[in-house]
Amino acid sequence: MHEQILRAVALNAGAPVDVLLRLLAVEAQSCWEALCTERDLPAELLDAVLTHPDRQVRRHIGRNPHLDPAQRARLLDHPDPKTSIALIREPLRWPPGASPRPLPDAVLRRMLAAPPEILSSAELLDELVFTHSAKRACAVAAAHPLPEIRAAACGYRRVLSDEQWHDLENDPDPQVRAAIAKVTAYDTKVIEPADMPPYRGHYHSLLLQTRRLSRAVLDQLTAGNDPSDLSFLSFNPYLPPDVVELLVSHPEESLRGAAARRDDLTADQLARLAADPVQTVRIAVSTHPGLSEPERAAIVVDCWPRDSFNRLKPGPLTEPAVAIAHAYSVNPLLRRSAAREPGLPQAVAARLAEDPDPGVRVRLALCHPAPPPALLLRCYLEYDGPDRWHLTTLPGFPVAGLTRFARDPDPAVRLLALLDPEVPEDLVDALLSDPDDQVAKAAIVHPRLPAHRLRELLGTDRAPLAAANPALDATTLHELLDGAGVPRR
């Protein structure tokens, strides 16, 4: 139980700095990860972590989702390369209230110019493209003062904008021009049968999706009629019209659905896909930019797919003007994409806040910088997806009067009562015995839990939860650490 209590104290939002500093003792190492990755750190504690003699303590900072990226960037100044390299590690999870914030451009520029000694600049860029800083890292590398870093950026053509690529093509440095020539030769090479790998693996599928394939290779693939190969082929932007037609008219519905997203479809192909007997195919083509709004409206869809938006992996945004046009579309999938645009005019955002599609409303609530408070509460009550509790952490979520939900049959709705700043102490006490474990635990750590009840809990098997209650005073927290064998500083 001592380890559980140490973790609870480490996460206690009301714990003063002198209590938290005690947790850096070796006797409290079981809570180091929680202390350094699962909460914000006061400046004095962050200083102590960064100067701690144990490398494991320092490296945890790289995975803290609560810290400002500029605070995490202090790892760069540490002389230990295995400490500074922890900056490119990302949090294992992003809890409610925490969202990915890419590293500042100045930090990325500095990292690329002077990477940790165990990595080259190109290797560091390779690591960064697998983080939330990927797009910014490539943009910074493409405009970096050092030519070797600009040359490394040439390997990420699909991440860079056309303008950034144009600047690299006209770079005065021969090293960058050589990298451009290498990438261009790679992209323009036509893959012949002899270039295909002898087995089906990642490289095989990559060739089918991204490279220029010779007629001989295409004939082999279409003659083989392997659904997996044809599925990968449907993403290839270099297909001749006859292969596109083969995919559009294929008897396998999944292939028709994949082909429906291609940009090079003819009006006749769009019309046939819009009238496809399978609804999933009709839905796939319904967002195609080649369709007019009347054509979209004519597509028969009995039930649109449930939204599966992931705020941590949102995908690329559309241009603001396109997003505004999509906001007025008859197609709910296009309106969902529009709701992600944070710069929507207020009138457009207000329209989407009343959209009949719940996916549109939830996306607007999660992505708009100032969503209407009524929308946030409505989405919470109607939505049961993974970001439900995250809605309560957004600015403007209406907390006044939420005690009215204390007896709701849905435990996730009963939790709202504990967000009310005026929730009575006796109600918090009553929720200790709630049949739902999550509600009961939330009551234990609530600051308005009666003081006598909190003291009682500290003497029971629920002490590890009670130790996280921010209403505990410094004296009690120090006593808990004394009991767990953590020395005083």
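This is a predicted model: local features need pLDDT of at least 70, side-chain atom pairs count only at pLDDT 80 or more; totals for chains, interfaces and linings use all residues.
## A walk through helices and pockets

Residues are numbered from 1 along each chain as its sequence is written, and side-chain values use heavy atoms, with hydrogens and water left out.

**Stop 1: the helix pair.** Select residues 346–353 for helix 24 and 358–367 for helix 25; their axes come within 8 Å and cross at roughly 135 degrees. Helices here are DSSP runs of H or I with at least four residues, numbered from the N terminus. The axes are lines fitted to C-alpha atoms over the stretch in contact, with angles from 0 to 180 degrees between N-to-C directions. Now show Ala349, Leu352 and Ala353 of helix 24 beside Val360, Arg361 and Leu364 of helix 25, which make the contact (heavy atoms within 4.5 Å). Five of these residues are nonpolar, none is polar and one is charged. Nonpolar covers Ala, Val, Leu, Ile, Met, Phe, Trp, Tyr, Cys and Pro, charged covers Asp, Glu, Lys and Arg, and the others, Gly among them, are polar.

**Stop 2: the largest pocket.** Helix 25 comes back here: along with helix 20 (279–285), helix 22 (320–327) and helix 23 (332–339), each supplies at least two lining residues. The pocket's volume is about 1,900 Å³, the space filled by probe spheres set on grid points joined across faces, edges and corners. A pocket is an open set of points on a 1 Å grid over the protein atoms alone, where a 1.4 Å probe fits, with protein on both sides within 12 Å along at least five of seven lines; lining residues have an atom within 4 Å of a point. To centre your view, pick Pro314, Gly315, Pro316, Leu317 and Arg340, the closest to the pocket centre of its 46 lining residues. The lining holds 23 nonpolar, 12 polar and 11 charged residues.

**Stop 3: the second largest pocket.** This one has about 1,400 Å³ of space. Select Leu11, Trp389, Ala442, Val445 and Ala468, the closest to its centre among 32 lining residues. Helix 1 gives the largest share of the lining, four residues.

**Stop 4: His478.** Finish in helix 32 (residues 474–483), where His478 sits. His478 counts as buried because its relative accessibility is 11% (buried is under 20% relative accessible area, with a 1.4 Å probe and protein chains only). Beyond neighbours within four places in sequence, His478 contacts Asp18, Val19, Arg22 and Arg488.

How values were computed: Buried means under 20% relative accessible area, exposed over 50%, partly exposed in between (1.4 Å probe, protein chains only).
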